[in-house]
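Today I'm going through the charged side chains and asking which ones pair up. Notes as I go.

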Amino acid sequence: MSRFVFATGRYASGDWDSAPLVPANLIDSVARYTSIDVAPAGAVVALDTPALFDYPLVYLTGHLPFRLTERERANVRRYLDRGGMLFIDDHNHDVGGIFHRTATEEIGRTAGPLVDLPNDHELYSCFFRFPDGPPATSHELNGWGDNLVHDHLQAVVRERRILVLYSSKDYSSEWGYHAESKRLQSVDNTRFGVNVVVYALTR
Amino acid sequence: MRRARAGLAGVALVSAAFWGVAAAMLARTVAGVSVGVIAGAVAAGLVVWRARAVRSPAEVALWIEARVPALRYALVTAIDRRSGGTGEDAGAGDVLRRAVTDAQVDLIGLLRRAGSRHLLPAAGGCLAAILLVRQVTPPASGRHVARGAHTLADVRSRLSPITVVIRPPAYARLPARALRDPADVAGLAGSTVLVRGPGVPDGLAATFEGQAGLPGPAAAVGGSPNPSGGTSRTSRVTTTLAVRPGADASGTGWQVVVGMPEGPALLRIRDASRAAAERLLILAPQRDAPPAVELIRPSADTVLAAATGEIPLEAHASDDIGLADGAFEVIVTAGSEESGGVHGRVLTLGQVQLSADAHRREATLVGTLRLGALALGPGTVLSVRAIAHDGNAIEGPGVGTSDTRTIRIATKEEADSIAVPGAAPTVSDRSLESERAIVLATTALLRRLARAPALPKDSLVERTRRLAGRQDGVRSALTGLLSGGDEGQIPVADALTAPERALLDSALRAMTDAASELGAIAPRRALPLEQRAATMLDSARGLAPRVYMRSRPPRIVVDVGRVRLTGTEHPQPGPRARGPVPDVSADRWLARLAAPLAALARAGEEGASSATAAESALGGPAALRAVIDSLAVIRVDAMAPDPPLGAALGDLLTAIRDGRDARDALAHTRTVIGAGLEGRAGLSEWILP
């Protein structure tokens with residue numbers, strides 16, 4: 001079995017690398033809590049290259065308009081058809097912002113319609129248990145930004161499998177810190193990221 | 001005499017009419033309207049021809065004399081004298097009247113008896129024909145006809161031939177098409193499909209079997225499907241349709257109206273008056289593709305030093321049916337997360353309405369992006385794309401978009417229009433900048449050499465060799481780039497296109513030659529080579545399709561071994577649900593195809609080389625028809641999820657229906673399923689005529 005490499009997707013538009021600390025933080029968490037053989041460094045993969053198929057889970061984020069070229073779109077469709085999973089997070093903490101609008105449109109064109117993921121979905125219990133659904137971020141709770149807790153994540157689901165997991169909760173900001181700082185937290189807020197990885201690798 | 005002739009002629013004509021009607025009805029039932037008309041005319045003509053004697057007074061007189069012997073040929077004699085023209089005509093009429101009066105001839109009684117003798121059989125024959133025709137055709141209304149009670153109905157079915165008229169939706173502005181006796185009906189989704197056939201509609205039933213979750217058959221038609229008749233069956237929904245009277249060329253007929261659905265479907269028409277009489281039509285919708293849009297200008301991403309001037313916009317849009325409108329969309333985003341968030345606004349430029357031009361399938365969109373009017377600040381990003389809509393009023397409108405070009409206004413901190421903050425320039429950019437620097441340094445050296453006092457030889461050698469070293473360094477960096485060397489995690493060499501690589505190869509050769517010339521202390525010969533290398537690098541950059549906003553994130557390596565020892569959280573995973581069913585589509589299709597293919601093989605093994613032989617091998621025509629219909633049903637189910645399999649089954653069905661060798665089509669079907677080929681001796685022999 002090959003080693004799991006956490007991949008960040010690079011797309012043509014927008015700032016795909018807006019959360020450079022998230023991969024290392026999630027790699028740290030996967031190593032900390034699971035026995036998954038995880039690579040110590042993440043990888044950056046362009047969405048229009050065959051290298052995309054080397055990674056079972058690809059993380060995408062950004063603040064700016066999210067749009068794919070025709071080549072990226074076709075490659076991503078094949079990737080999803082063949083079992084890949086995208087985790088797309090809106091790095092803005094706003095409601096109906098430019099990333100959200102363009103990303104949801106692009107996901108619809110590329111993978112299919114997004115639906116609300118029920119909060120009892122196995123994504124929330126496949127490793128750590130999140131009985132209330134997706135954990136809220138500090139931006140949602142402290143009133144900074146949209147001052148609104150998003151009740152659900154959204155997803156494109158095909159035959160009970162999540163193809164695209166879409167978040168408006170700005171986990172990219174929430175998890176964007178050096179892993180060494182985890183010791184200062186009473187509860188590690190990246191635990192949900194572990195669930196995303198475990199779900200992608202086991203479903 | 002005139003009255004007698006007129007009466008006999010009338011009897012003949014009425015009799016001819018009866019026989020003509022009887023013959024026409026029987027012939028029409030058997031062979032159609034035109035044959036019926038001809039048969040009726042021939043029958044009536046025969047009767048009239050047989051009664052041609054009524055034209056002759058002598059023949060009529062003889063007919064009367066034969067029935068009234070008391071006349072003693074007085075009547076015939078009088079007729080002869082009249083027709084002889086002997087000058088005694090005036091008295092002949094009186095003689096004739098006296099003879100008739102003296103013999104007490106009952107002319108009315110004679111004619112009545114003649115009428116009874118000829119008209120009764122004719123009317124009886126006509127009545128019998130009417131009863132027979134009514135017996136062998138379905139009842140006029142509301143009566144159910146028992147199966148298998150007819151003989152003539154077997155000769156001419158109401159399910160063949162049929163005519164299918166496809167009327168595309170109004171937005172397409174396409175003409176209607178008529179198909180005669182088709183098996184497949186292809187048309188734009190939302191088209192109105194009108195199926196017409198011969199005979200009366202009573203006893204016919206039509207059902208629509210479509211995919212669950214898609215709009216039903218009445219979406220675009222004025223027909224009246226019976227929603228209450230809908231039943232779920234696996235993933236298909238069945239809806240009962242109304243079969244209505246519809247005049248065909250003969251003034252009779254039935255018709256069914258159904259809307260072309262968005263997914264493949266079956267239209268099943270059954271004739272209750274005939275055992276196992278059923279007709280399947282495959283409704284194969286053609287999807288209206290969204291417009292294709294290509295953004296021609298701007299042709300690449302760019303970074304501008306200042307937000308001034310105008311940027312021309314140009315795009316090309318095309319559609320398979322017709323365009324409705326097009327425009328450029330510009331998203332202006334500014335700000336950052338640290339400064340209160342990223343804010344965006346959407347602008348629409350150069351909007352044009354194209355629907356007024358009927359069937360305009362291609363259009364060029366033009367516009368101008370006036371940067372000064374947008375009041376853009378440093379760091380603002382413009383995302384430009386072209387959008388076109390088609391006129392699809394059924395499923396759409398279809399939306400086509402071009403790729404997005406990014407135009408960024410440089411910040412004050414940026415050194416030039418190429419560098420992007422937060423990351424070092426790429427190797428190719430560094431090479432270009434270094435090559436430019438070498439060109440500038442060589443030019444300065446040559447200027448110095450042209451000035452007095454002369455540059456000392458040692459100084460010339462030292463400066464020239466230093467330039468040679470710099471040139472060699474740039475060449476090494478470019479060599480590393482072309483050989484797939486280290487560019488972090490980005491596979492630069494793999495991403496190069498052939499023209500880019502050719503330009504970079506040329507630059508590399510020029511750099512190598514320039515380094516050699518500089519090493520030989522020949523800066524004047526090196527300068528054109530350096531300039532050529534810089535030009536090649538610049539051209540390669542121009543070909544690059546995109547300059548990414550940033551280059552690469554910092555590479556952070558996690559000490560996994562150490563981290564594994566520090567975990568403090570203990571997971572509480574929930575019970576695992578069973579995962580998705582593995583894709584066994586090949587097995588599923590093969591299982592469904594097993595029965596019809598086995599039947600075909602059985603027919604082949606029994607040496608069936610004709611339709612009759614195949615039917616008898618399978619147990620009758622109904623069995624062969626069932627095999628074909630089974631394949632048709634499987635094809636409908638396969639068309640949406642597996643279009644190649646749907647097409648392969650279509651070829652197979654066409655081959656069987658056309659009586660061609662089905663081996664290739666069958667082999668192709670199995671190949672498409674991914675099941676490989678399976679040798680079947682019978683199938684290899686089986687050819688329908």
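Ground rules: I'm looking at a predicted model, where local features need pLDDT of at least 70, side-chain atom pairs count only at pLDDT 80 or more, and totals for chains, interfaces and linings use all residues. Residues are numbered from 1 along each chain as its sequence is written, chains are lettered from A and ligands numbered from 1 in the order written, and side-chain values use heavy atoms, without hydrogens and water.

I searched the whole structure for salt bridges (a side-chain nitrogen of Lys or Arg within 4 Å of a carboxyl oxygen of Asp or Glu).

Entry one: I found Asp28(A) bridged to Arg32(A), closest N and O atoms 2.9 Å apart. They are four residues apart in helix H1 (residues 22–33) of chain A, so about one helical turn separates them. Helices (H or I, at least four residues) and strands (E, at least two) are DSSP runs, numbered from the N terminus. Asp28(A) is buried at 4% relative accessibility, and Arg32(A) is buried too, at 17%. Buried is under 20% relative accessible area, exposed over 50%, partly exposed in between (1.4 Å probe, protein chains only).

Entry two: Asp81(A) and Arg158(A) meet at 2.7 Å, N to O. This pair links distant parts of the chain, 77 residues apart: Asp81(A) is in helix H2 (residues 70–81) of chain A, Arg158(A) in strand E6 (residues 154–158) of chain A. I have Arg158(A) as partly exposed, at 35%.
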